[in-house]
Amino acid sequence: MPTIHAVKAFNDNYIWLICQDQQAIIIDAGDNKPVLDYLAIHQLIPIAMLITHHHNDHTGGVAGIKSVYPDMQVIAHQHHGVQADAYVDEGGEFNLMGLDFKVWRTAGHTDTHLSFLCQIDECVRVFCGDTLFSGGCGRVFTGTIEELFASMMRFNRLSDETLFYPAHEYTLNNLKFGLSICADEVKNDIQNAITEVQTKLSSGQASLPTTLAHERKINVFLQDHQQMIEHIKQQYPLTNTSGIAIFTALRILKDNF
């Protein structure tokens, strides 16, 4: 059975590795050194690297790892700024280490952001880069807020048991923002999540992955409670209460949190 490991990079990046039988699939290697060190310590050979988007903290280690492991296949979008062996986009499918991967275009953070979905142990795993974070979502850079909203709503249609593997440890800050704006009915859930994350981080653990069931309880970007809408109106001039209007207001308020 494949196992999934987080390799820490920079201040808060996670480079995810799917490992099986001394082989590994790397997702978003922004830095080559921690990955090369991990591969050497655990005697792993990388057979492929998947890229979710073009930002340097997700692609900066590609060339360095490829130079050591030239047979490793790089899979990315044609506009991710890397020399790839295979270019993919929405609807793409491929198989690695006996795992079937599906490619979703989850734009918003960037216009060509991809997420990679595969099933391991009867559970869908989503390597979502900077689209969904636990308790939050990505900032909008070269995509649009409408695209980001659509991507998050698409994720929200998956099953409760779906596991998400975001690329950053932003959970605690996201939860603190959520606690500042949420409806009373989810405050206990968010406060309990804050306590749990603080405990994990203090012992050097990651707060991730996260299930969709958990995110529905603690991620205000997946919520539309009436009381939260009233809290938003106290800080931002909502002109209507459509899903995209609420989502847009939350993203603006989080940017300034």
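**Note on the predicted model**

1. UniProt, in an unreviewed entry, lists residues 12-168 as "domain: Metallo-beta-lactamase"; such positions are given in the numbering used here, feature names are shortened, and annotations may be inferred rather than shown by experiment. The end C-alpha atoms of this span lie 5 Å apart, and the span is 20% helix and 37% strand. Helices (H or I, at least four residues) and strands (E, at least two) are DSSP runs, numbered from the N terminus.

2. The model is predicted: local features need pLDDT of at least 70 and side-chain atom pairs count only at pLDDT 80 or more, while totals for chains, interfaces and linings use all residues. Residues are numbered from 1 along each chain as its sequence is written, and side-chain values use heavy atoms, with hydrogens and water left out.

3. Under "binding site", the unreviewed UniProt entry lists H53, H55, H109 and D130. Although these residues span 78 residues in sequence, no two of their C-alpha atoms are more than 10.2 Å apart, so they gather at one spot.

4. H53 lies in the loop between strand 4 (45-50) and helix 2 (56-59). H53 is buried, with a relative accessible area of 0%; buried means under 20% relative accessible area, exposed over 50%, and partly exposed in between (1.4 Å probe, protein chains only). Not counting residues up to four places away in sequence, H53 touches residues including D28, H80, H109 and D130, where contact means heavy atoms within 4.5 Å.

5. D130 is found in the loop between strand 10 (123-129) and strand 11 (132-133), and D130 is buried too, with a relative accessible area of 4%. The side chains of D130 and H53 are joined by a polar contact of 3.4 Å. A polar contact is a pair of N or O atoms within 3.5 Å; within protein, one must be able to donate a hydrogen and the other to accept it, and residues adjacent in sequence count only if both atoms are side-chain atoms.

6. In helix 4 (residues 145-155), I145, L148, F149, S151, M152 and F155 are buried. They lie on the same side of helix 4, because they cover an arc of only 160° around the axis, taken from the directions from the helix axis to the C-beta atoms.

7. The structure holds 0 disulfides, a disulfide being a pair of cysteine sulfur atoms within 2.5 Å. For C123, the nearest cysteine sulfur, that of C118, is 9.4 Å away. The sulfur of C182 is 16 Å from the closest cysteine sulfur, in C137, which is too far for a bond.
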